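Dear colleague,

I would be grateful if you could look through it before reading my notes.

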Amino acid sequence: MYKFRVAVKKEFLILLSDKTGLALMFLMPLLLVYIITIIQDSAFKMANQSSMALLVINQDEGEQSQHLIRLLEQSQLFELTQDSTIAKDAISTTLYEQEYLTAVYFPPNFSEQLKQKANLLSGTLLAEVGMNEGSPALQTIATPTLEYYHDPVLQESYSISIMNMIDAYIKTVEGELLINEMCQQLELTEAPAKLREAMANNQVGVKKIAATLNSKSLQPNSTQHNVPAWTIFAMFFMVTSLGNSIVKERLNGSFVRLKTMPTSFVLVLGAKLFVYLVAAVLQVLLIFTLARFTFESIGLPPLTFPSDGFAFAVVVLMNGLAAVSYATVVGTVARTREQASGFGAVSIVILAALGGIWIPSFVLPEFLQLISYGSPLYWCLEGFYTLFLRGGDWQILLPTLAGLAVFIVACWAITYWQLKRDKVF
Amino acid sequence: MSILPCIEIQSLTKRYSTATVDTLQGIDLTINQGDKFGILGPNGAGKTTLISILCGILEPSEGAVHYSQHQEALPTNSIGFVPQEYSFFEELNPMQNLEYFGAMYGLTAKVIKERTQSILTVLGLGDVQTKKINTFSGGMKRRVNLAIGIIHQPSILFLDEPTVGVDVQSKVAILKFLNQLNTTGTTIIYTSHHLDEAQEFCNQIALIDQGKIIIKGATEDLLTNHSAKDLKELFIQFTGEAYRD
């Protein structure tokens with residue numbers, strides 16, 4: 001026990017002496033978690049909560065374009081600026097010069113074309129139900145088209161979101177127009193107002209419910225998503241510190257020197273893993289605690305801890321063990337410190353991308369989703385998400401923990417094999 | 001006083017998996033207790049391989065090594081090894097290094113504390129025992145390397161180029177300390193490129209070239225028998241002047 005205690009002390013002192021390594025291990029991840037969460041939260045708010053600036057160029061003189069613009073304004077989802085003097089071919093330049101991100105262009109005959117379309121549809125419909133004499137002759141009408149302009153730097157998902165919202169309001173205008181046309185053809189003068197009211201009051205709502213697995217109200221938000229994800233990334237980034245430490249000790253001959261001593265190398269390596277595992281757990285505690293108690297003061301949702309504290313502790317330990325085991329493999333296999341740092345860092349970025357740290361792994365192509373099962377970060381993230389987002393229990397955690405256990409054992413097997421090859425064991 | 005064999009090496013052969021020729025080819029050697037034994041030879045002769053096998057770092061391909069005074073095949077408690085590299089932790093101070101390696105040798109905290117002070121003082125490191133080694137000169141680092149190898153008071157001490165790259169003062173201090181250690185009964189086996197230093201320090205030498213022992217015996221006897229004025233002349237006589245890079 002004395003040997004192990006001294007070995008742990010030595011690792012601890014070496015870790016403490018590396019100020020840059022400590023900063024990389026504790027301060028940089030903290031910075032990363034704060035910045036990424038703020039960015040993601042802002043993006044979420046931008047897409048869902050705040051009004052989006054929209055330049056409106058209306059060259060239509062009819063009522064329907066005005067009606068649509070009114071609806072867009074009333075929705076409070078958009079902050080509209082109208083300027084109908086801009087020529088169509090100058091819209092792109094205006095967007096660039098006046099720093100608008102989005103614009104919508106109403107062509108000159110927009111209302112007329114929309115009305116023609118409604119007329120055709122209502123006529124056809126009434127003829128089909130036998131309420132109109134004869135079927136209107138099949139005719140081709142020009143389909144009204146709005147043009148949506150966007151800054152090329154704007155993310156595709158953001159653009160699609162805006163287009164979907166505009167489309168939803170066009171459908172409302174079209175619906176009202178269709179009813180108006182039908183009533184006119186049926187010579188009804190009062191009904192449209194009642195119908196409009198009925199339509200407005202009987203819209204089907206969609207209620208958003210997070211499918212959590214326990215009664216505790218876990219609210220999925222940018223904090224619950226990002227803090228666990230980027231903490232895992234930080235834990236695995238200790239590959240640069242631990243990997244380097246192993247390479248350094250092998251190259252300076254201290255591993256070989258230990259072979260001439262009555263000490264098992266397992267004890268020496270065990271002490272190293274223990275100290276770095278403690279460091280990984282401290283990373284989690286530090287980041288999670290700050291996310292719980294400081295996020296609110298900077299306008300972010302505070303981190304909600306899982307209700308099952310024991311399961312949380314087990315997941316943290318398994319994630320930490322996976323991180324230090326991976327770092328040990330890299331340190332053992334790498335021949336130089338440059339290899340350990342370079343390969344270690346790049347491999348973590350790749351494994352993070354595959355593991356769903358940046359974007360959820362379910363959006364990856366099918367073959368990459370299969371490959372993602374090989375990323376330890378995938379299993380680590382699954383463990384945290386099961387607790388932080390889904391409110392899952394042991395039954396759901398077990399496959400995740402089994403996946404991590406397989407990875408850890410595989411790392412130890414490779415480490416043993418490589419050290420045996422290097423004649424350290 | 002009878003001379004007792006300390007290490008007996010029989011038909012020792014070593015072939016590395018990537019090599020086409022044997023690095024050591026049937027080495028037979030006896031090192032007696034209390035010897036200051038120099039293993040000399042040009043670059044690539046097999047000196048470090050031989051010393052690594054004697055310390056248990058490498059396994060021989062064929063042959064055997066017997067430690068006559070010991071029951072174990074490799075008496076790790078009784079051997080000390082001072083490698084050519086600075087095989088310690090430069091982020092720590094000498095005391096912390098000695099505490100670590102002392103514990104790995106199986107010493108208790110009390111024994112380590114007692115010995116650390118005296119060893120560091122003798123080696124001229126008493127004043128810097130709490131300073132980080134990465135601020136030390138090459139000579140000071142060599143002395144720390146040596147201190148680690150003797151913290152457990154080994155009866156056999158292996159040194160691989162213990163004075164390479166150090167100033168004259170450190171070299172003198174190291175050799176003086178090794179001579180003192182030898183007078184207490186420690187058998188010293190060392191390799192070096194410094195032939196004048198080896199001639200002064202060793203009472204026995206073995207000259208190795210291309211994995212074979214070319215000559216071995218008492219230093220004075222070898223010089224006399226081969227009419228060489230010093231080890232350098234003897235060395236050139238047996239290994240030639242061609243480069244061995």
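Predicted model: local features only at pLDDT ≥ 70, side-chain atom pairs only at ≥ 80, totals over all residues.

Residues are numbered from 1 along each chain as its sequence is written, and chains are lettered from A and ligands numbered from 1 in the order in which they are written.

Chain A contains 16 helices and 4 strands; these are DSSP runs numbered from the N terminus, with helices being H or I of at least four residues and strands E of at least two. Two domains are assigned in chain A: domain 1 (2-43 + 219-421) and domain 2 (51-201), with bounds that come from an automatic or database domain assignment. Their C-alpha centres are 53 Å apart. Of the 425 residues of chain A, 33% are buried (20 or more other C-beta atoms within 10 Å of the residue's own, C-beta atoms being placed from the backbone).

Helix 3 (residues 63-74) of chain A packs against helix 6 (residues 156-185) of chain A at an angle of about 135 degrees, and their axes are 10 Å apart. Axes are lines fitted to C-alpha atoms, for helices over the stretch in contact, and angles run from 0 to 180 degrees between N-to-C directions. The contact (C-beta atoms, placed from the backbone, within 7 Å) involves, among others, A:L68 and A:L71 of helix 3 of chain A and A:I170 and A:V173 of helix 6 of chain A.

Helix 13 (residues 337-355) of chain A and helix 15 (residues 376-388) of chain A form another packed pair, with an angle of about 50 degrees and axes 7 Å apart. Residues in this contact include A:L351 and A:A352 of helix 13 of chain A, and A:L377 and A:L381 of helix 15 of chain A.

Turning to the neighbouring chain, 19 residues of chain A are in contact with 24 residues of chain B. Helix 1 (2-17) and helix 10 (254-259) of chain A each supply at least two residues of the side of chain A that touches chain B. Helix 1 of chain A gives the most to that side, with 7 residues.

Yours sincerely

Note on methods: Contact = placed C-beta atoms within 7 Å. Buried ≥ 20, exposed ≤ 12 C-beta atoms within 10 Å, placed from the backbone.
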